[in-house]
Structures are given as structure tokens and as C-alpha cells.
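Please open the model in your viewer and keep the selection tool at hand.

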Amino acid sequence: MSMFKWEVVDPAPGEPVAPHQRLPWGRTIGLGAQHVVAMFGATFVFPLVMGLDANLAIMFSGVCTIGFLLICNNKVPSYLGTSASFVAGVAAIRAQGGDSADVTGAIMVSGLVLVVIGVAVHFAGAGLIHKILPPAVTGAVVMLIGFNLAPVVAGVYWPQDQWIALLTAAFLVCASVLLPGFWSRIAVFLALIFGFVASIFADKIFGSITSITGSSNGVAVEHDRVSWDLVGKADWIGFPSGKLADGVSVIHGPSLSMTFILLVLPGVIALIAENTGHVKAVAEMTGDNLDPYMGRAIGADGLATAFASAFGGSPTTTYAENIGVMGATKVYSTAAYYVAGIVAILLGLCPKFGAIVNATPGGVLGGITVVLYGMIGLVGAKIWVENRVDFGDPVNMVGLAAGLIAGIGGVSLKITDDFQLGGIALGTILVIVFFHAVNRRKAELGSGEVTKRL
């Protein structure tokens with residue numbers, strides 16, 4: 001049967017729709033649009049905080065989602081939205097003077113590395129991942145990626161408008177927990193709308209503010225919280241264009257630097273964890289054995305990340321928000337994801353939509369990122385809890401400790417006058433090397449001897 005032929009079904013309430021099935025096209029289009037809404041908030045927030053173009057990211061998310069479905073032979077329903085795993089590495093690149101071309105070049109190489117890992121997993125089996133990156137290591141790396149972003153929130157976004165940031169953060173926290181069903185899954189999107197509206201009212205009631213902005217190079221200037229100047233000038237139809245805040249063209253070729261590549265490579269570990277968890281979650285919901293497609297999913301995400309970055313786009317990953325939609329609707333049809341991909345491409349080809357996105361006030365981003373960055377870090381703890389990592393075992397306690405502090409605290413190691421390792425890159429290396437060194441010695445000596453020695 002062709003990949004583009006789905007069995008049309010009309011299930012009773014509560015009955016699932018399998019990946020190879022679909023509802024009538026009217027309902028399928030509605031579900032596809034629902035997937036777009038679910039991924040929307042995070043997919044354009046993360047490009048903004050990485051200094052990349054949100055409109056281009058939305059467009060490539062649609063293109064890459066369709067590519068992912070094709071590579072996985074329509075067996076793994078998934079939407080590829082913008083990944084948060086590289087945000088900390090990107091912040092480190094920009095702190096060291098790198099521009100957007102350096103950012104996308106480093107991310108592109110990381111995507112290609114993920115492709116190689118996906119191919120290896122496809123032929124060697126999913127056990128390869130667990131051997132090299134056990135849950136103790138994966139959780140630690142994800143945690144240090146998230147918590148390393150705390151200074152970015154405190155120094156860049158929160159000061160732009162602290163009161164709007166506080167209101168937006170409070171709304172996001174309450175919406176995520178208190179709203180029912182689907183509404184809680186699009187809490188980021190709702191928080192963006194809330195923050196926009198609050199900023200507009202604040203402009204009218206309190207007037208403009210004096211603070212730093214994303215383009216003021218850290219100098220406080222007087223400005224409105226929300227400016228629609230660029231929205232009025234933007235066309236309705238066209239490719240993403242113009243300049244980013246650092247002067248690099250929106251669509252640009254990547255620039256390669258080993259120093260910057262090493263800063264974002266740890267994000268690959270997070271992507272492996274995200275894709276592995278996604279495939280397992282979908283398999284549990286659908287009842288299908290998707291282990292044979294684990295390597296394909298990882299490799300497809302890597303190829304999508306490399307492809308998008310080659311043109312100046314943002315890195316991608318499988319989205320938990322869309323798993324939530326599937327869990328609520330029990331519709332796992334890949335047809336709905338094709339519709340979502342097409343809708344995202346059309347949105348990306350609307351410059352006016354992109355101008356609205358880019359008008360997001362800095363205070364709103366401050367409120368959203370203070371929650372999201374913390375959540376990224378806590379995903380690492382979630383990995384530990386779900387896999388019952390035993391911190392009574394000194395291999396886990398001591399083997400991970402140095403890497404966590406080095407990564408979160410920004411410790412650096414100068415190797416030559418022109419090259420040093422620091423932050424996430426150094427922390428990840430220490431986590432992996434120390435853990436496996438101690439774990440191997442434990443296997444040789446026996447756990448009791450290791451405990452006594454440590």
C-alpha cells in the first residue's frame with residue numbers, strides 16, 4: 001500500500017485511530033491545525049531566544065516534519081518543532097562573540113552527528129544508546145543544559161520588563177496546571193497571548209519604559225513594550241527575508257568553528273533522549289513495536305536539524321506537546337501530521353505573520369523562559385526518577401557530581417591560548433568520562449570494594 005493511502009475510519013467515541021488510518025479529510029484538517037497550535041508557542045519562542053528567525057523556523061518545522069514521516073515510513077507520528085536543547089550552547093557562542101552563522105554552523109554539525117548515531121542505532125539496535133548513555137548520564141546532561149540557562153534569563157530577558165515577565169510567568173504556571181486537557185498543553189501559546197495583551201495595556205496605562213532590548217546591545221533605551229511598525233511594512237506573502245539582530249541575513253549559510261561546535265554538541269545527547277522517549281511513548285499509545293524505527297527516528301531528526309540549519313533555520317526535535325494531543329484525542333494518524341506540516345509551511349511564507357512573532361516583547365520572553373528553562377533542567381531529574389537511578393550508589397553520586405557543577409557553574413579548562421573547554425561542553429565530557437571510568441572500575445572490583453574506596 002502507498003504511504004499516502006490511509007484507511008478511512010469513523011470510530012466510536014474513545015476508539016483509537018491508528019497511524020495508517022485517518023478520519024474524513026474535514027476532521028483530519030481540523031486535527032492537523034490543532035497540532036500546529038500545540039507546537040506553535042515553543043516552536044517560535046526558542047528561535048527568538050537563540051537570535052534566529054521565528055518565521056523561518058516555523059516554515060522549516062513543517063518541511064522537516066514531512067521529511068521525518070517519510071524517513072520513518074509513516075510508522076512514527078510526530079511533529080518536529082524547534083529544539084530547546086541547543087539554547088544554552090547558542091548563548092555560550094554569542095557570549096564568545098559568535099554570530100548567527102556560527103550558531104547555525106555548529107548546530108548543523110551536531111545534526112550530522114545525530115544522523116551518524118541514528119544509522120548506528122538502526123543497525124546495532126537501541127541497546128547501543130543505553131550502553132553509552134545510561135539514564136544517569138543522560139539525566140545529568142539534560143539537567144546541566146537547562147540550568148546553565150539561568151544567567152541568560154536573569155541577564156537578558158527578565159530585565160527588559162520585570163513586571164510583565166512576572167505576570168507572564170505566573171500565568172504560564174497556572175495555565176499549565178489548572179487548565180483542563182488540551183488547553184493546558186498549549187499553555188505556552190496562551191501565555192504569549194496573555195503577555196502581548198498585558199504589554200499593550202501597560203503601554204496605554206503606564207506609557208513607554210526605559211530598559212535594555214534585544215537590539216540595544218545592553219544599553220537601556222526608552223521604548224514601547226509592543227511596536228507594530230514592522231508588522232505594517234511586512235508583505236502578506238513571501239519568503240522569510242531581512243536581517244537578524246546581529247546583522248546576518250535571515251537566510252544564510254553556516255560558518256564552522258570547532259570551538260563553537262563543541263559548545264553545542266552536548267545538545268545531541270538531549271536529542272537522543274527526546275527521540276528515544278518519543279518513540280517509546282508512541283509505541284505505548286499505539287500498541288505497535290517501534291524499536292525497529294528507533295534509529296530512523298533519531299537519524300531523521302538529525303537530518304532535519306542539519307538541513308534546516310544549512311539555510312539559517314532552527315534545530316528540530318520531536319515534540320511532547322503533540323504527544324499530548326494524540327493522548328487526548330487517541331488519533332495517531334500520520335495524515336494529520338502532513339496537514340500540520342503544510343499549514344506550518346504556509347505560515348512561514350507569510351512575512352506579516354513573522355513580523356507579529358518578532359514583535360514579541362522582551363518581558364514576555366522573560367516570563368516564558370524563566371519557566372521553560374527550569375523545566376528543561378527538571379527533565380533531567382525526571383529521567384533519573386523514571387529510570388530509578390540510585391544515588392545511594394557512589395558511582396552515580398560521585399561520577400556525575402563534578403560534571404554537573406562544571407556545566408552549570410561555567411567552569412572552563414584552558415587547553416591552548418586559542419582553545420578552551422567550558423560550561424556545558426566541559427561538563428558533559430566530565431559526566432561521561434568520570435561516570436564510565438568509575439562504573440568500569442566498579443565492575444572490575446565489585447560494588448562493595450568501590451563503595452569502601454569512595
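Does Lys-382 count as buried, partly exposed or exposed? The model is a predicted one, and in it Lys-382 counts as partly exposed because its relative accessibility is 47%.

**Stop 1: the helix of Lys-382.** Select Glu-386 together with Lys-382; both lie in helix α18, four residues apart, which is about one turn of the helix. The two residues form a salt bridge, with the closest N and O atoms 2.7 Å apart. Glu-386 counts as exposed, because its relative accessibility is 52%.

Next, select Thr-369, which also has its place in helix α18 (residues 362–386). Thr-369 counts as buried, because its relative accessibility is 1%. A polar atom of the Thr-369 side chain lies 2.7 Å from the backbone oxygen of Leu-365. If neighbours within four places in sequence are left aside, Thr-369 is in contact with Val-49, Val-153, Tyr-157 and Gly-374.

**Stop 2: further salt bridges.** The count for the model comes to five salt bridges. Select Arg-27 and Asp-10, a pair whose closest N and O atoms are 3.3 Å apart. Arg-27, at 44% relative accessibility, counts as partly exposed, whereas Asp-10, at 61%, counts as exposed.

Now select Asp-161 and Arg-225, which form a salt bridge with the closest N and O atoms 2.9 Å apart. Asp-161 is in the loop between α7 (150–157) and α8 (162–178), and Arg-225 is in the loop between β5 (221–223) and α11 (229–233), so the pair ties together parts 64 residues apart in sequence. Both Asp-161 and Arg-225 are buried.

Stop 3: Colour domain 1 (16–155 + 228–377) and domain 2 (390–445) separately. Their contact takes 20 residues from domain 1 and 18 residues from domain 2. Between them the domains bury about 1,400 Å², 79% of it on carbon and sulfur atoms. On the side of domain 1 that touches domain 2, the elements giving two or more residues include α3 (87–95) and α6 (135–147). Select α6, which gives the largest share of that side, eight residues. The residues of this side of domain 1 divide into 16 nonpolar, three polar and one charged.

Note on methods: Residues are numbered from 1 along each chain as its sequence is written. This is a predicted model: local features need pLDDT of at least 70, side-chain atom pairs count only at pLDDT 80 or more; totals for chains, interfaces and linings use all residues. Side-chain values use heavy atoms; hydrogens and water are left out. Domain bounds come from an automatic or database domain assignment. Contact means heavy atoms within 4.5 Å. Buried area is the accessible area (1.4 Å probe) that two parts lose on being put together, summed over both. Ala, Val, Leu, Ile, Met, Phe, Trp, Tyr, Cys and Pro count as nonpolar, Asp, Glu, Lys and Arg as charged, and the others, Gly among them, as polar. Buried means under 20% relative accessible area, exposed over 50%, partly exposed in between (1.4 Å probe, protein chains only). A polar contact is a pair of N or O atoms within 3.5 Å; within protein, one must be able to donate a hydrogen and the other to accept it, and residues adjacent in sequence count only if both atoms are side-chain atoms. A salt bridge is a side-chain nitrogen of Lys or Arg within 4 Å of a carboxyl oxygen of Asp or Glu.
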